[in-house]
Amino acid sequence: MTRVLLPSSPILNPSISDFSGFRESSAALLTSRYLLLCRKARASSGVLSAAAMADAPLRTVLVTGAGGRTGQIAYKKLKERPDKYIARGLVRTQESKEKIGGADDVFIADIRNAESIIPAVQGIDSLIILTSAVPKMKPGLDPSKGGRPEFYFEDGSYPEQVDWIGQKNQIDAAKAVGVKHIVLVGSMGGTDPNHPLNSLGNGNILVWKRKAEQYLVDSGIPYTIVRAGGLQDKEGGVRELLVGKNDELLQTETRTISRADVAEFCIQALEFEEAKFKAFDLASKPEGTGTPTTDFKALLTQIYERF
Ligand SMILES: NC(=O)c1ccc[n+]([C@@H]2O[C@H](COP(=O)([O-])OP(=O)(O)OC[C@H]3O[C@@H](n4cnc5c(N)ncnc54)[C@H](OP(=O)(O)O)[C@@H]3O)[C@@H](O)[C@H]2O)c1
């Protein structure tokens with residue numbers, strides 16, 4: 001097998017330890033374009049075989065909710081793998097765009113407005129949906145009086161508008177451009193219509209999320225549904241991940257997962273046929289128990305449920 005060495009260039013090793021690194025002339029975007037050009041040049045000179053090119057085509061992946069807590073990790077992870085992906089982000093505001101580096105590959109759109117999504121999906125191969133209605137806490141809680149926090153959704157930003165209409169708009173827009181795979185992140189708990197999360201701000205959030213999941217299944221597009229357990233802002237890659245079905249994991253002690261692990265799972269799902277046309281509940285063992293997951297193909301093979 002011919003081993004291809006890329007010419008050494010500082011641009012091939014951008015320092016992307018945090019989002020401020022992205023600002024440096026969108027180094028990761030340039031890197032992926034540069035790699036693509038290198039590949040094309042080598043293929044035409046016969047150095048890189050057609051088979052090798054087919055093995056590793058660069059894929060353009062859009063992460064929506066890229067300013068959100070899981071979305072920004074997924075976007076960053078894609079940027080750190082320019083040999084595989086051309087990353088794109090969709091955020092709602094200029095402020096969110098700046099937060100994740102402000103690169104040209106970050107589009108501003110409101111998913112409730114179908115037309116606004118169109119520029120972001122042009123030419124994408126895959127879509128990772130990480131948008132969600134975000135409940136807000138009502139002011140005036142006095143913890144010293146042992147009160148329980150109450151939540152509300154802003155007008156127009158109820159789960160019906162964001163988790164149903166907004167996700168549906170994204171699926172339609174992606175379908176129109178021939179997307180090859182959609183990964184949709186939702187939540188465990190959806191099998192129980194009386195789940196407490198549905199009462200949150202009277203939003204019925206799990207009901208609307210599930211409706212969007214069903215819409216994706218019915219769309220005919222290859223999909224992966226990820227129903228995460230309680231999200232934690234903890235380090236990723238250090239726990240054994242657990243996949244399940246029908247909310248069975250909710251009956252166990254292992255019902256949480258780090259946002260970094262969810263982001264990684266979404267990206268790994270793009271790599272394996274075993275991820276397609278399936279719905280995964282996702283949680284992890286506590287750190288220090290079990291073996292940190294590295295074999296995602298084996299993990300994805302454990303589930304057969306289409307919904
Ligand atoms: N929290 C949990 O414990 C939990 C458990 C299981 C599953 N989940 C699910 O996991 C996913 C990721 O959760 P997360 O906590 O990381 O998300 P998050 O931080 O709440 O991010 C949600 C993102 O959606 C964006 N968004 C909302 N409305 C939008 C609109 N109309 N147009 C464009 N973007 C819009 C928000 O943009 P802005 O930044 O502009 O607001 C935000 O960036 C969500 O689907 C969530 O429901 C959460």
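**A walk through the sheet and its surroundings**

The model contains an open sheet of 8 strands, whose order is 3-2-1-4-7-8-12-10 and whose pairing is mixed. At its edges lie strand 3 (106-108) and strand 10 (241-244), each of which pairs on one side only. From one strand to the next the twist averages 25°. This is a predicted model, in which local features need pLDDT of at least 70, side-chain atom pairs count only at pLDDT 80 or more, and totals for chains, interfaces and linings use all residues. Residues are numbered from 1 along each chain as its sequence is written.

Some terms are needed here. Helices (H or I, at least four residues) and strands (E, at least two) are DSSP runs, numbered from the N terminus. Two strands pair if DSSP finds at least two bridges between them. Strands of a sheet pair through backbone hydrogen bonds, either parallel or antiparallel.

Strand 2 (residues 85-91) and strand 3 run parallel and are joined by 3 bridges. Val 91 has Ile 108 in strand 3 as its bridge partner. Helix 7 packs on the sheet, where it touches strand 1 (59-64), strand 4 (126-129) and strand 7, and its direction makes about 175° with that of strand 4. Helix 10 (residues 259-269) also packs on the sheet. The strands that helix 10 touches are strand 4, strand 7, strand 8 (223-228), strand 10 and strand 12 (278-284), and its direction makes about 165° with that of strand 8. For these angles, axes are lines fitted to C-alpha atoms, for helices over the stretch in contact, and angles run from 0 to 180 degrees between N-to-C directions. Contact requires that the C-beta atoms of two residues, placed from the backbone, lie within 7 Å.

Now take strand 8. It is largely enclosed by the rest of the structure, because 6 of its 6 residues are buried. A residue is buried if 20 or more other C-beta atoms lie within 10 Å of its own, exposed if 12 or fewer, and partly exposed in between, with C-beta atoms placed from the backbone. Tyr 223, Ile 225 and Arg 227 point one way from strand 8, while Thr 224, Val 226 and Ala 228 point the other way. Strand 7 and strand 8 run parallel, with 6 bridges joining them; Ser 187 has Ala 228 as its bridge partner in strand 8. Strand 8 also pairs with strand 12 in the parallel sense, over 5 bridges, and Ala 228 stands opposite Leu 282 in strand 12.

Loops can hold buried residues too. Leu 249 lies in the loop between strand 10 and strand 11 (256-258), and it counts as buried because it has 22 C-beta neighbours inside 10 Å. Beyond its neighbours within four places in sequence, Leu 249 is in contact with residues including Met 188, Leu 242 and Asp 281. Leu 249 and Asp 281 are 32 residues apart along the chain, and their C-alpha atoms are separated by 7.5 Å.

The ligand has 25 residues around it, of which Gly 65, Gly 68, Thr 70, Ser 132 and Ser 187 come nearest. Helix 7 (159-176), strand 7 (181-187) and strand 9 (230-232) are the elements that give two or more residues to this shell. A residue is near a molecule or strand if its C-beta atom, placed from the backbone, lies within 6 Å of it. Strand 7 gives the most, with 3 residues.
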